[in-house]
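I opened this model to go through its metal site, its cores and its domain contact. My entries follow in the order in which I looked things up.

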Amino acid sequence: MRIARFSHKNQTRFGIVSESEIEVFQGDPIESMELSGEKLNLSEVKFLAPVTPSKVVCIGLNYSAHAAEIEQDVQKEPLFFFKPSSAIIGIGEEIVLPSQSQQVELEVELVVVIGKTAKNVSKEAANDYIFGYTVGNDVTARDLQFSDLQWARSKAFDTFCPIGPWIETEFSPEKVALSSFVNGEKRQSSRSDDMIFDIPTIISFVSQNITLLPGDIIMTGSPAGISKISHGDLVECEIEGIGVLANPVT
Ligand code: MG
């Protein structure tokens, strides 16, 4: 099922998306899947980022071809960093290029949405903690990523975490195509089975180190083919079986 967060008449709500309409939940479906009985036409709603996490955990260097293109060594354990929740935007919202960077780049990533509190979770149990999946773009100021000692600033600017368009709850992440496009021209094309660390390994590893809360998201790393985005571009990130996340750049 496709679960969206949306605004309608100045209210933020959640619902199940079908072809032409949206079935509205009582509240946040991560807490309770109870429906309100209300149905809205898709044309009446504006999609928002599908989740509001307490933290965005990002896995770095999880595709060897990407690690090679940015001249980094593949790690023995998952490498993780964070983006602030203030960076999150939804489908259709503008990615704003900051004046501090001359080289802002896109990174299509498969995003895991956590459904319940996860601490010291085993690989075998990891799937029980997943609510669903969405598409993300780990927008990065590539010049600042390596001129700064840490990656924090280069990954954290406002609007640098587009996610959406919705959460897909019936999805097998093992062998799906990931791709990104700038103005319709393909920039990245890979498959999730090229990941170095799979999703159960990532959830287990992260949860041995920090507690994941319901609604937290994990961005699972970018494949190769990163490229610069510029003012006026339309960036589209697509994952087979989930959908397309499109954002203009300004
Ligand atoms: Mg990334």
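**Metal site**

I looked up the spacing of the magnesium donors along the chain and found E-x1-E-x28-D. Donors here are N, O and S atoms within 2.8 Å of the metal (3.2 Å for Na, K and Ca), and water is not among the atoms, so sites may look incomplete. The model is predicted, so I note that local features need pLDDT of at least 70 and side-chain atom pairs pLDDT 80 or more, while totals for chains, interfaces and linings use all residues. Residues are numbered from 1 along each chain as its sequence is written, and side-chain values use heavy atoms, with hydrogens and water left out.

The protein donors are E107 (OE), E109 (OE) and D138 (OD), at 2.0 to 2.1 Å from the magnesium ion. I checked burial, taking buried as under 20% relative accessible area, exposed as over 50% and partly exposed as in between (1.4 Å probe, protein chains only). E107 is buried at 2% relative accessibility, and E109 is buried at 0%.

**Cores**

I then listed the nonpolar cores, meaning sets of buried Ala, Val, Leu, Ile, Met, Phe, Trp, Tyr and Cys residues joined through side-chain atoms within 4.5 Å. The largest has 52 residues, and L110, I218, I229 and I239 have the most contacts inside it. Elements that each supply at least two residues of this core include β1 (2–8), β10 (108–114) and α4 (199–209); helices (H or I, at least four residues) and strands (E, at least two) are DSSP runs, numbered from the N terminus.

For I218 I looked up contacts (heavy atoms within 4.5 Å). Not counting residues up to four places away in sequence, I218 touches V57, I59, L110, V111, V112, I114, I202, I203 and L212. A second, separate core of 25 residues includes A67, V111, I163 and I217.

**Helix α4**

I found eight of the 11 residues of α4 buried, so α4 is largely enclosed by the rest of the structure. Among the buried ones are I202, I203 and F205. Their cover includes β6, β7 (79–83), β10, β11 and β16 (217–219).

The chain is divided into domain 1 (2–47) and domain 2 (56–248), with bounds from an automatic or database domain assignment.

I counted one salt bridge between the domains, a salt bridge being a side-chain nitrogen of Lys or Arg within 4 Å of a carboxyl oxygen of Asp or Glu. E168 forms a salt bridge with R2, with the closest N and O atoms 3.8 Å apart.
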